[in-house]
Amino acid sequence: MNLQDVYKKLVEDIHYLFKNAAETMKFDRTFRAKVIGSASKGKYTISYKNRTLTARCSQNLHPNDTVWVCAPCNDWNSLFILAAEPQESS
């Protein structure tokens, strides 16, 4: 095994450790998603990375609205919508 292979393996191992640690760390995650529809009063169904999730929101939203969503303390069961982006007029 040459030195370049050792460095490559080290980088792969460090990447693996950071990726796994980020999954369990308690920090807020903010991401953009698209509204699919209304789930119930004050809750909307959203699409993010080919996943369907439910998030709370006090605004009135419409299907295909793009929104900013927060997962507080990395808790994906407590999602809430921070803001909706304005729709582009055609």
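This is a predicted model: local features need pLDDT of at least 70, side-chain atom pairs count only at pLDDT 80 or more; totals for chains, interfaces and linings use all residues.
Figure 1. The model is read with local features requiring pLDDT of at least 70 and side-chain atom pairs counted only at pLDDT 80 or more, while totals for chains, interfaces and linings use all residues. Residues are numbered from 1 along each chain as its sequence is written, and side-chain values use heavy atoms, with hydrogens and water left out. A search of the whole structure finds three aromatic pairs, a pair being rings of Phe, Tyr and Trp (its six-membered ring) whose centres lie within 6.5 Å, with planes under 30 degrees apart counted as stacked, over 60 as edge-to-face and the rest as tilted. Phe 31 and Tyr 48 form one of these pairs, which is tilted, with 4.0 Å from centre to centre and 35 degrees between the planes. This pair links distant parts of the chain, since Phe 31 belongs to strand S1 (residues 29-40) and Tyr 48 to strand S2 (residues 43-48), 17 residues apart; helices (H or I, at least four residues) and strands (E, at least two) are DSSP runs, numbered from the N terminus.

Figure 2. Phe 31 is buried, with a relative accessible area of 6%. Phe 31 also forms an aromatic pair with Trp 76, and this pair is stacked, at 5.2 Å centre to centre and 15 degrees between the planes. Because Phe 31 lies in strand S1 and Trp 76 in the loop between strand S4 (66-71) and strand S5 (80-84), the pair ties together parts that are 45 residues apart in sequence. Trp 76 counts as partly exposed, at 26% relative accessibility. Ring pairs join Phe 31, Tyr 48 and Trp 76 into a cluster. The charged end of Arg 51 sits over the ring of Trp 76, 5.2 Å from the ring centre, a description that requires NZ of Lys or CZ of Arg to be within 6 Å of the ring centre and within 35 degrees of the ring normal.

Figure 3. Leu 53 lies in strand S3 and counts as buried, at 11% relative accessibility. Not counting residues up to four places away in sequence, Leu 53 touches Tyr 44, Thr 45, Ile 46, Tyr 48, Trp 76 and Leu 79, where contact means heavy atoms within 4.5 Å. The C-alpha atoms of Leu 53 and Leu 79 are separated by 8.4 Å, although these residues are 26 residues apart along the chain.

Figure 4. Most residues other than glycine have a negative phi. Lys 49 counts as exposed at 66% relative accessibility, and Asn 50 is exposed with a relative accessible area of 82%.

Figure 5. Thr 66 lies in strand S4 and, at 16% relative accessibility, counts as buried. With residues up to four places away in sequence left out, Thr 66 touches Arg 32, Ala 33, Lys 34, Ala 83, Ala 84, Glu 85 and Gln 87.

Figure 6. Helix H1 (residues 3-24) has 22 residues and should span 32 Å at 1.5 Å a residue, which agrees with the 33 Å between its end C-alpha atoms; the expected span is 1.5 Å times one less than the number of residues. Of the 22 residues of H1, the number buried is zero, so the helix lies largely in the open. Asn 2 caps the N-terminal end of H1, with a side-chain oxygen 3.2 Å from the backbone nitrogen of Gln 4.

Key. Buried means under 20% relative accessible area, exposed over 50%, partly exposed in between (1.4 Å probe, protein chains only). A polar contact is a pair of N or O atoms within 3.5 Å; within protein, one must be able to donate a hydrogen and the other to accept it, and residues adjacent in sequence count only if both atoms are side-chain atoms.
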